[in-house]
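Please examine the structure shown below. The report that follows treats selected residues and the nonpolar cores.

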Amino acid sequence: MRVIHIIPSAFEYFNDIRSEVFKLIEGLYTMGIETEAFTLQYGGPTKTIKDQIKADSPSVHNYINSTSANGLVESLAEFDIVHLHCPFLGAARQILNWKKSHPKIPLVITYYRDVVWTDLFSLFIKLYNHYYLPKLFKVADIVVCQNLGELASFRGSRHIGKDKHVAVLDEIQLEGDWVDPKWNHLEVVAAKTALIYNTICS
């Protein structure tokens, strides 16, 4: 199974999400899931970002950081699953159009939190997500969140159709080979994510 993670990394607005996703990728790697990562940012990643990524996910060998959004979209068909982490900034229209023309490749969207309004640019990011996320929710195969409260606080979540599945990580129970009492929180989240992948690919 090959999964590409599309990760927000525009300026300093998504540092917490980027760090959490790369830790998730590290956990998925230890479970044998082949992952690649693409960060949505403007300009190349700074040394600080590269160092943080290396600390969060030392096993990531395929970190795509220089491909254009159009180049990224052209390569998505090579993957079994496309996993978009939100909120984000950039390439929404391209991803939306790609999914509409590739309906059989699962699109997983994980929603972490609303955009924090700290300045004028963060307001632009907030408006961008309020415009595009409802459209992406409509075409996604599954929307993932840590808890329903966080997702419900986003007004655009009402556009998740009744035929769409929402996976709430706090509510997923791991059983059998999917659980190990020695796992830490991040390993549990990785196992739950791997279970979601297996479910949508079966």
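Phe 11 counts as partly exposed because its relative accessibility is 42%; buried means under 20% relative accessible area, exposed over 50%, and partly exposed in between (1.4 Å probe, protein chains only). This is a predicted model, in which local features need pLDDT of at least 70 and side-chain atom pairs count only at pLDDT 80 or more, while totals for chains, interfaces and linings use all residues. Residues are numbered from 1 along each chain as its sequence is written, and side-chain values use heavy atoms, with hydrogens and water left out.

Helices (H or I, at least four residues) and strands (E, at least two) are DSSP runs, numbered from the N terminus.

The side chain of Arg 113 forms a polar contact with that of Asp 16, at 2.9 Å. A polar contact is a pair of N or O atoms within 3.5 Å; within protein, one must be able to donate a hydrogen and the other to accept it, and residues adjacent in sequence count only if both atoms are side-chain atoms.

The largest nonpolar core has 46 residues, of which Ile 6, Leu 84, Phe 88, Leu 136 and Phe 137 touch the most other members. The element giving the most to this core is α5, with seven residues. A second, separate core has 18 residues, among them Val 108 and Leu 169. Such a core is a set of buried Ala, Val, Leu, Ile, Met, Phe, Trp, Tyr and Cys residues joined through side-chain atoms within 4.5 Å.
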